[in-house]
Amino acid sequence: MDNKYQGSRTIRLPRWFSRKHKGGADPFQLSVISDGGEEKDDYMDDVPDGSSEMDPCLSTNDLRVFVGTWNVAGRSPVGSLAVDLDEWLNPKDAADIYVLGFQEIVPLKAKTVIGAEDSTEATNWNLLIGKTLNDKYGCPWLTPLVNPIATENYHKEGIFDSERQPSISGQTTIPMREQQNQCSKYKLMASKKMVGVFISVWMSRGLLEKYNIAGVKVCSVACGIMGYLGNKGSVSVSMSIDGTSFCFIAAHLASGEKKGDEGRRNHQVSEIFRRTYFQRLPEDGDSLLPLTILGHDRIFWFGDLNYRLYLEDNLARHLIRQQDWTALQKFDQLRGELDDGGVFQGWKEGNIEFAPTYKYSSSNCNRYSGGIPSRAGEKQRTPAWCDRILWYGKGVRQLSYFRSESKFSDHRPVSALFCTRIEVVKSANPRFAAIPTTFLPRTLRKTHGQEKDTEDNHPLCYH
């Protein structure tokens with residue numbers, strides 16, 4: 001499996017961003033994160049950069065991160081979708097972190113784009129995700145009460161505490177049931193919705209008890225109609241796991257397959273980089289937490305990026321029937337933009353070895369929309385890889401990149417599994433060093449770790 005993805009390409013260092021931000025220090029410039037200057041994809045050469053080897057107070061550990069993206073075409077989650085979700089979230093081995101990005105969880109109509117935010121659909125998706133993860137990898141849930149984040153700041157829920165606790169934003173969270181807290185393996189850490197764009201981040205219980213999770217914040221950037229409405233844009237989550245910072249960006253970019261539409265998408269990417277900002281909070285203290293996307297150590301950008309194929313429709317369909325993904329990728333707009341220095345310099349994407357994910361004729365259908373002869377009233381669309389997952393930063397290795405076959409919408413869900421390295425601060429008593437007491441179960445807080453959790457942990461990474 002790994003051999004297929006060792007051809008991931010590193011794109012040359014940036015020209016476009018430096019052109020936009022000349023003169024003086026700028027928090028958005030790519031020099032914040034050094035790429036090393038060489039086009040190589042060796043995981044062990046990337047990390048560590050020497051600091052952890054020289055510093056006896058640091059060590060490195062590996063985590064498995066699952067990233068998924070799915071445009072659900074304005075459809076609400078239903079009970080029967082549990083089978084599709086289980087297939088989508090089902091790598092061979094459970095991950096430590098699940099980061100899921102959705103697009104169009106509500107129809108993109110004037111009422112939903114201009115009106116007040118409604119968290120109903122986000123809550124329904126979180127309920128289904130939590131049930132799927134914990135039924136499979138933990139224990140069956142009782143019906144949980146989930147309060148998704150509704151502000152620009154992290155809404156802290158009290159990791160395994162059933163008592164009400166104030167959040168950072170000053171609101172009160174909804175408690176999870178005590179029985180669920182005792183056996184649920186995955187906990188909702190962050191959730192943010194902007195119109196139809198939605199991100200949901202889950203962590204394993206073992207991860208939360210072992211490491212110091214800090215600075216969990218969210219940010220949304222609307223760059224749709226008139227450049228500021230939320231029908232297009234991004235929602236992002238920032239967090240630090242011990243000494244390593246992570247940023248997850250779920251995006252929905254401008255649609256269209258006419259010549260020049262890719263320029264609008266490129267502009268929106270630049271706007272998301274420029275306008276995403278994780279504000280400093282009093283709770284941060286002296287911690288130098290990242291303020292911008294490019295200030296993070298490990299960055300994952302995913303979503304319906306809407307880049308299409310520079311290819312006549314019939315030829316595209318012919319190459320799809322031949323399953324000639326290599327030939328088809330030569331006409332992919334996003335790969336072209338990466339190579340030409342348009343967007344995402346220094347970023348990586350795994351080799352695509354699956355069929356285009358958009359646009360299917362309708363729900364419950366395995367046929368692409370349009371073609372010859374086309375059906376009455378059906379949109380003519382050249383199939384394309386609209387749904388993508390990219391990453392940036394050292395210490396990340398992609399283990400798989402695949403699409404799932406749910407027929408729930410006109411897009412197919414896409415997922416990637418990563419092994420990522422983190423720096424861990426050592427202590428004279430390592431048993432307690434990385435476990436903040438606010439994240440411990442109430443019974444364990446009383447003794448500050450005198451009782452040991454006996455939950456079995458899976459191997460983190462397989463090479």
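Author: This is a predicted model. Before turning to the strands, one term is needed: two strands pair if DSSP finds at least two bridges between them.

Reader: Understood. How many bridges join strand 7 to strand 8?

Author: Nine bridges join strand 7 to strand 8 (residues 244-252), and these strands run antiparallel. One of the pairings places Met239 with its bridge partner Phe246 in strand 8.

Reader: How many residues lie between strand 7 and strand 8 in the hairpin?

Author: Two residues lie between them, and Asp242 in the turn has a positive phi of about 50 degrees.

Reader: And which way do strand 6 and strand 7 pair, parallel or antiparallel?

Author: Strand 6 (residues 213-222) and strand 7 pair in the antiparallel sense, over eight bridges. Cys219 has Ser236 in strand 7 as its bridge partner.

Reader: Why is strand 7 described as largely enclosed?

Author: Nine of the nine residues of strand 7 (residues 233-241) are buried, so the rest of the structure largely encloses this strand.

Reader: Which residues point each way from strand 7?

Author: Gly233, Val235, Val237, Met239 and Ile241 point one way, while Ser234, Ser236, Ser238 and Ser240 point the other way; all are buried.

Reader: Changing topic to the cysteines: how many disulfides does a search of the whole structure find?

Author: The search finds zero disulfides. For orientation, a disulfide is a covalent bond between the sulfur atoms of two cysteines.

Reader: Which cysteine sulfur is closest to that of Cys247?

Author: The closest is the sulfur of Cys219, at 8.9 Å, which is too far for a bond. Cys247 is buried, at 0% relative accessibility. Cys223 also counts as buried, at 5% relative accessibility.

Reader: Let us move to strand 3. Which strand is joined to strand 3 by seven bridges?

Author: Strand 2 is joined to strand 3 by seven bridges, and the two run parallel. Strand 3 also pairs with strand 5 (residues 197-204), in the antiparallel sense and over six bridges. In that pairing, Tyr98 stands opposite Trp202 in strand 5.

Reader: How many residues of strand 3 are buried?

Author: Seven of the seven residues of strand 3 (residues 97-103) are buried, so this strand too is largely enclosed by the rest of the structure. Ile97, Val99, Gly101 and Gln103 point one way, and Tyr98, Leu100 and Phe102 point the other way.

Reader: What stands opposite Leu100 of strand 3?

Author: Gly68 stands opposite Leu100. Gly68 is found in strand 2 (residues 58-71) and is buried, with a relative accessible area of 0%.

Reader: Trp88 is in helix 4, I gather. Which residues of that helix are buried?

Author: The buried residues of helix 4 (residues 81-88) are Leu81, Leu85 and Trp88. Seen down the helix axis, they fall within an arc of 60 degrees, so they line one face of helix 4. In general, an α-helix has 3.6 residues a turn, so residues three or four places apart point the same way.

Reader: Finally, what does Leu81 touch?

Author: Beyond residues up to four places away in sequence, Leu81 touches Trp70, Trp125, Leu128 and Phe408. Leu81 and Phe408 are 327 residues apart in sequence and 7.7 Å apart in space, C-alpha to C-alpha. The relative accessible area of Leu81 is 1%.

Terms used
Residues numbered from 1 in each chain as written. Predicted model: local features only at pLDDT ≥ 70, side-chain atom pairs only at ≥ 80, totals over all residues. Heavy atoms only, no water. Buried < 20%, exposed > 50% of the residue type's maximum accessible area, 1.4 Å probe, protein only. Helix = DSSP H or I, 4+ residues; strand = E, 2+ residues; numbered from the N terminus. Arc of directions from axis to C-beta. Contact = heavy atoms within 4.5 Å. Disulfide = S-S within 2.5 Å.
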